[in-house]
Amino acid sequence: GEVATPRFTQYFHGSLSGLTIRPGRIETQKVISCLQACKEGLDINSLESLAKDIKFHFNPAQSVLVVEGEDVDSINTAMTKVSYINSRQFPTPGLRRLHISTSVQCFGEDTCVSIPDVKAVVMVLPPSEPRITISGSKQLIRPASDLRSPLGVAPFKELRITSTVMKGGSFGGVRRPGVMEVMHNLDYCDVLVIGDELEPDRESLEIHHSALLGKHLDATNSTSGISIYGRLS
């Protein structure tokens with residue numbers, strides 16, 4: 001029957017790589033296909049250079065590619081355009097096994113050519129660990145009167161946090177061409193008190209609420225420090 005108060009009644013047990021919820025509307029097929037596009041799979045580059053007689057088909061997951069043609073040289077050229085893509089920022093390392101099978105159509109011949117299958121692998125190396133550097137003044141000297149002001153003092157005015165990850169990496173200790181540093185996001189930043197905890201009646205670490213507005217950030221503080229979390233970029 002009709003449910004007066006909508007409620008979620010289905011549950012999923014497992015691991016999700018992503019979840020998109022758009023309540024109150026149904027997206028177009030084009031948008032849904034874009035959301036479901038695989039970040040890892042097979043692809044063909046330089047389509048304009050393929051022969052006109054070449055036809056190719058992908059399965060929805062882009063894990064199977066079928067190439068059809070009438071000329072052996074055209075098939076060979078098309079196969080050189082096949083590529084393995086992985087657009088994840090931190091791809092899962094390990095082997096990706098490939099299986100190539102070939103069939104030949106023979107017309108008016110008693111025996112047909114048999115081509116053995118070929119097996120190959122693509123090795124995905126572990127991604128480089130992010131490198132986080134913190135720079136700024138290590139010492140703050142201010143008169144006691146400033147500490148008693150309603151706004152207090154800002155100990156990290158000169159602080160700068162830089163987080164980079166190497167895109168590409170190296171193999172065998174040799175950096176590969178095209179390696180570049182790209183920015184990525186942080187999950188949180190903790191400021192911890194060393195030694196005795198703060199005395200809540202006299203001192204505290206605080207961040208003004210206006211500094212978090214519109215930035216998808218939130219903060220919690222205690223006598224042992226303050227934590228800023230969210231999509232830090």
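**Exercise 1. Classify Cys189 by its relative accessibility.**

Solution. Cys189 has 23% relative accessibility. Buried means under 20% relative accessible area, exposed over 50%, and partly exposed in between (1.4 Å probe, protein chains only). Cys189 therefore counts as partly exposed.

This is a predicted model: local features need pLDDT of at least 70, side-chain atom pairs count only at pLDDT 80 or more, and totals for chains, interfaces and linings use all residues. Residues are numbered from 1 along each chain as its sequence is written, and side-chain values use heavy atoms, without hydrogens and water.

**Exercise 2. Find the disulfide and give its handedness.**

Solution. A disulfide is a pair of cysteine sulfur atoms within 2.5 Å. Searching the whole structure gives 1 disulfide. Cys106 and Cys112 are its partners, S to S 1.8 Å. The torsion about their S-S bond is about 75°, so the disulfide is right-handed. Cys106 is partly exposed at 27%. Cys112 is partly exposed too, at 38%.

**Exercise 3. Determine the geometry of the aromatic pair.**

Solution. Rings of Phe, Tyr and Trp (its six-membered ring) pair if their centres lie within 6.5 Å; planes under 30 degrees apart are stacked, over 60 edge-to-face, the rest tilted. The count is 1 aromatic pair. The ring centres of Phe56 and Phe58 are 6.0 Å apart and the planes stand at 75°, so the pair is edge-to-face. Phe56 is partly exposed, at 32%. Phe58 is partly exposed, at 30%.

**Exercise 4. List the residues that Ala78 touches.**

Solution. Contact means heavy atoms within 4.5 Å. Leave out residues up to four places away in sequence. Ala78 then touches Leu50, Ile54 and Val67.
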